[in-house]
Amino acid sequence: FSANGISRVEVTKVPTPDMPASSLGGTVNLIPRSAFEASRPLFKYRVYVSAHSDEPNIFKKTAGPRDEKSYKGLPSAEFSYTLPVSKNFGLTLNASSSNQYSGMKHELSSTWRFVDVAPTAAAPNSATLEKPYFQSMSYGPQSRTIWRNGGGVQLDWRPAKNHVITAGLNYNVSANLQDALLQVPTVGSTNSSAVTGGQFLTFGPTFTAGATGRASDNQQKYTYDQSNALGVLNLTHRYDGRLWQIDSGLSGSLSKSWWRDLSRGHFFNVRTS
């Protein structure tokens, strides 16, 4: 569903006697827009630009998310139109284009180690609990842009008192382009002695020098290039009587996802060590 096609959201925290017993934790009910909610034509629209704090300049192209430069401040727009043609018939239209750049996420985790032995003449530079050494880190900047576009049309007809028949069609497409780089440098394994283990040559509060043959640096580059499409068709009937309330309906949906790499000029995954 596009949020632009929703009239209101009903939240029930505790089930009531008229609700199914399978909803013990409560329910969230999304109510689509209806032409009978307005007495005259109603048009609403919104235009805006989204920006990320990592790329605050919306008027300048910068690197990414792939090997080209692009704008990081992306425009978006949405509208809804409600048209009550008559007392018993009406239609609603809605469309939206929501685009967002999620910025560079410099995710960083580090591992500090110590050797629980007293320093000796052979290993005077042992790492202790009070003086650990910096063994490894994980650095993963990411750059992602998401485009979402969707629209829908709904027809409402009241053939008789207390009866409403609704037919609706919604179609949404989205594209997700993300570059992710995972870099993991490490000075080596953890052994009980700096001389026999060789996990470091020397270290200090701000650096660690790995021993020969022990240090490594692993890099992994992902490029997610995914697109999705979803179409939903609904036909519902609602009866609001004095003693009975009946909700019935039919629905069908068709969805498809694409993952692309070489056809877009890039690999999906590249590893170096």
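**View 1. Salt bridge between Asp 225 and Arg 264**. In this predicted model, the closest N and O atoms of Asp 225 and Arg 264 are 3.2 Å apart. A salt bridge here is a side-chain nitrogen of Lys or Arg within 4 Å of a carboxyl oxygen of Asp or Glu. Asp 225 lies in strand S14 and Arg 264 in the loop between strand S15 (245–259) and strand S16 (269–272), so the pair ties together parts that are 39 residues apart in sequence. Helices (H or I, at least four residues) and strands (E, at least two) are DSSP runs, numbered from the N terminus. Asp 225 is buried at 4% relative accessibility, whereas Arg 264 is partly exposed at 34%. Buried means under 20% relative accessible area, exposed over 50%, and partly exposed in between (1.4 Å probe, protein chains only).

**View 2. Gln 220 in strand S14**. Strand S14 spans residues 216–240 and holds Gln 220. Gln 220 counts as buried because its relative accessibility is 13%. Its side chain makes a polar contact of 2.5 Å with the side chain of Tyr 222. A polar contact is a pair of N or O atoms within 3.5 Å; within protein, one must be able to donate a hydrogen and the other to accept it, and residues adjacent in sequence count only if both atoms are side-chain atoms. Leaving aside residues up to four places away in sequence, Gln 220 touches Ala 180, Leu 181, Leu 182, Asn 269, Val 270 and Arg 271. Contact means heavy atoms within 4.5 Å.

**View 3. Salt bridge between Asp 247 and Arg 238**. The closest N and O atoms of this pair are 2.8 Å apart. Arg 238 is partly exposed, at 35% relative accessible area.

**View 4. Network of Arg 8, Glu 10 and Glu 37**. Salt bridges with shared partners join these three residues. Arg 8 and Glu 10 meet through their side chains at 3.7 Å, N to O. Arg 8 is partly exposed at 42%, and so is Glu 10 at 35%. The whole structure has seven salt bridges.

**Notes to all views.** Residues are numbered from 1 along each chain as its sequence is written, and side-chain values use heavy atoms, with hydrogens and water left out. Local features need pLDDT of at least 70, side-chain atom pairs count only at pLDDT 80 or more, and totals for chains, interfaces and linings use all residues.
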